[in-house]
Amino acid sequence: MQLPWFRSKSSDQLVVSWVGKTLAFVRARAQKDGMYEVRQFGVERQADLSTEDFIKRLQSIGLKGAQVRVMLRPEQYQLLQIEAPGVAPDELRAAARYQIRDMLDVHVDDITLDVLRVGDGRQKGVAHLFVVAAANATLRDVLELGQSLDWDVSVIDVQETSQRNLQNLLASRNGQVDRAHAALVLSDEHQAVLTISANEELFYTRRLELPPGLLAGSWAQPGDTSLTAGDAFAPVGEYVPDYSVNGASYGNDYSQTALNQSAPGMADSDAGDKAQRFLVEVQRSLDLWDRSWSSMPLASVQVFAGEQSAELAQWLTRELGLSVVAMDAMTLFPGFEGGTPGDRSLCWPLLGTLMRAESRKL
């Protein structure tokens, strides 16, 4: 969402998210190579502080009067997919608003929306749009915080497009911009966001509920070796799902017992069932891509889960029977070091909003 406001000429860029009285932020400075050096990042929680005291705290750490981009978290908006209406480009938003009116969690008059083409426009057949719909109250809450801190807010982004930007960056570094790449990002313990991008555009996205305890403990088993982003996407064996009521073996013939053993915290039967469903839904999404975009096979499947990224990649590789690698974009942003693992995980998606091209929508 591009806001037509004057933007100050600051050498630093501040990217923030503000949800549940929690502010995550990354302040960075552009470098000559088009990358960014991170100069400050962190997470500030209002908790029981009054608004006035919280604003003073944010001012004290240097967050006043900044040039700001906002990234909305998935719980702050709906992302819907519709057939592209056959109207002029300047009428797309109005037409999309009409089409999604019965798909919204709030009244259509109470949302702000933006649209994004699905894919890169090279595909034949019916064109589709992603529609981002955010409640006006949500945007107002973010912008009121910005007014209190004299922020110059130029862009409101969303996590799916931020992930896309990081996927594009990694694909570019690997010389595979024209290939399709999947990214599964777990930046909190409740939900994962799956995105598939190719040719620098977003083609597919899905949100997956995480089972309780999935991020607790370690998935590593004796003999595991770390995978790197250079490992090719190489499905192993054949995926034959069995959606019987009483459960079944999926992919690499993993059983309920194997699931419970391989994921600490999953010993509870209900939690184990949810972990199994999570794995199946990831596989379903990847299978759907293979069927729908057979001309664009995945070059990689990457996962981010903070410090547990490598272990989760190994677990998914073992349980799904395909090569999953850790999504390592942190090393491309010098200065994104230190802090707590939890704070780095919350701030990590904001790095993609730094890489958002000024000229593009979402």
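## Loop residues with positive phi

D150 sits in the loop between α3 (136–148) and β8 (152–158). Helices (H or I, at least four residues) and strands (E, at least two) are DSSP runs, numbered from the N terminus. D150 is not a glycine, yet its phi is positive, about 60 degrees. Its relative accessibility is 46%, so D150 counts as partly exposed. The cut-offs are under 20% relative accessible area for buried, over 50% for exposed, and partly exposed in between (1.4 Å probe, protein chains only).

A47 is another non-glycine residue with a positive phi, about 50 degrees. The loop between β3 (36–45) and α1 (51–60) holds A47. A47 counts as exposed because its relative accessibility is 52%. Most residues other than glycine have a negative phi.

## Model basis

This is a predicted model: local features need pLDDT of at least 70, side-chain atom pairs count only at pLDDT 80 or more, and totals for chains, interfaces and linings use all residues. Residues are numbered from 1 along each chain as its sequence is written, and side-chain values use heavy atoms, leaving out hydrogens and water.

## Strand β5

Side chains alternate along β5 (residues 78–83). Q78, L80 and I82 point to one face and are buried.

β5 pairs with β7 (residues 128–135) in the antiparallel sense, over 6 bridges. Pairing requires at least two DSSP bridges between two strands.

## Helix α7

α7 covers residues 309–320, 12 residues in total. Its buried residues are S309, L312, A313, Q314, W315, L316, E319 and L320. G321 follows α7 and has a positive phi, near 75 degrees.

Key:
Expected span 1.5 Å × (residues − 1).
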